[in-house]
There are 2 protein chains.
Amino acid sequence: MVVDQRSDAGLDRLFQAFADATRRDIVRRVTVGEYSVSGLAALYTMSFAAVQKHVAVLERASLVTKEKRGREQIVRANHEGLQRARRLLDEYEAIWRQRAERIADILAEN
Amino acid sequence: MVVDQRSDAGLDRLFQAFADATRRDIVRRVTVGEYSVSGLAALYTMSFAAVQKHVAVLERASLVTKEKRGREQIVRANHEGLQRARRLLDEYEAIWRQRAERIADILAEN
DNA sequence: ATAGCCTACAACCAAATGGTTGTAGATCAG
DNA sequence: CTGATCTACAACCATTTGGTTGTAGGCTAT
């Protein structure tokens, strides 16, 4: 009935952050190399402010960090967020496999 | 500049589906056992229609399937969706590790 | 010091989300 | 057949999301 409310807001933000192609692309890029916000903005057809917002969403989801360097803001990938998302999906996978085993056991009993 | 990204609507739907605690709970439950839509609805404080919508979101994201049985609609976990999401996160993880190796190599050169 | 970049942030808008209530069609139990 | 149950779906509402433009402030380079 009551669903784990506490840390769920973090997971909501995490998966919400992944639910946009532009944001997934940003995560990919900043994992490989360093980009300023404007460096990222140059990659897409949308406005600078729009990209800025996408980066903010990723930052709130712990998928990215920003660090001021001179007048630029450098965006870097944050492994924590990715790991957390992966752990959750791994949990689901584990549950699935348990179910598969249980079914196999039932069939084996016959 | 050009956003090569096949703006994968399927992935958008997938992660969007995970971005809600109720929906994550539904996925967990239907992986373990069988539930009708109303059986699921009984678990939460929200209305039947709201749960129905959540199930629809999960179905469109390929995380769940529905099958009519008498007057009920049985909801089952669909492994495909989960696998697809996991594969994407695994890709990101692989990119991260490549980066880590590359950095280690650069350090080793000195 | 001035001009030009980089960023932050506010205000606004359209569309999507997450919820509600209400209505109606199937199906099952008695 | 009648009534209860399960589902589907429409209409509505408030909030969030993803985008825009505009304004202002902090650095940098000349």
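A phosphate oxygen of DNA strand C is 3.4 Å from an N or O atom in the side chain of A:Lys66, a polar contact in the sense of a pair of N or O atoms within 3.5 Å (within protein, one atom must be able to donate a hydrogen and the other to accept it, and residues adjacent in sequence count only if both atoms are side-chain atoms). The model is predicted, so local features need pLDDT of at least 70 and side-chain atom pairs count only at pLDDT 80 or more, while totals for chains, interfaces and linings use all residues. Residues are numbered from 1 along each chain as its sequence is written, chains are lettered from A and ligands numbered from 1 in the order in which they are written, and side-chain values use heavy atoms, with hydrogens and water left out.

**DNA strand C**

- DNA strand C is surrounded by 21 residues, and the closest are A:Ser38, A:Gln73, B:Ser47, B:Lys53 and B:His54; a residue is near a strand if one of its heavy atoms lies within 4 Å of it.
- Sugar or phosphate provides 62% of the atoms of DNA strand C within 4 Å of the protein, and bases provide the rest.
- At least two residues of the surface near DNA strand C come from each of helix H3 (37–41), H4 and strand S3 (72–77) of chain A, and from H4 of chain B; helices (H or I, at least four residues) and strands (E, at least two) are DSSP runs, numbered from the N terminus.
- The surface near DNA strand C consists of 6 nonpolar, 8 polar and 7 charged residues, where Ala, Val, Leu, Ile, Met, Phe, Trp, Tyr, Cys and Pro count as nonpolar, Asp, Glu, Lys and Arg as charged, and the others, Gly among them, as polar.

**DNA strand D**

- Around DNA strand D there are 21 residues, of which A:Ser47, A:Lys53, A:His54, B:Ser38 and B:Gln73 are the closest.
- Of the atoms of DNA strand D that come within 4 Å of the protein, 62% belong to sugar and phosphate.
- B:Arg71 places a polar side-chain atom 3.4 Å from a base oxygen of DNA strand D.

**Sheet of chain B**

- Chain B has an open sheet of 3 strands in the order S1-S3-S2, with antiparallel pairing; two strands pair if DSSP finds at least two bridges between them.
- Strand S1 (35–36) and strand S2 (64–69) of chain B are the edge strands, each pairing on one side only.
- S1(B) and S3(B) are joined by 2 bridges, and B:Ser36 stands opposite B:Ile74 in S3(B).

**Chain A**

- The secondary structure of chain A comprises 5 helices and 3 strands, arranged from the N terminus as α-α-β-α-α-β-β-α.
- Strand S2 (residues 64–69) of chain A runs antiparallel to S3(A), with 6 bridges between them, and A:Lys68 stands opposite A:Gln73 in S3(A).
- The hairpin of S2(A) and S3(A) has 2 residues between the strands, and A:Gly70 takes a positive phi near 60 degrees there.
- Along the principal axes, the C-alpha atoms of chain A fill a box of roughly 70 × 30 × 25 Å.
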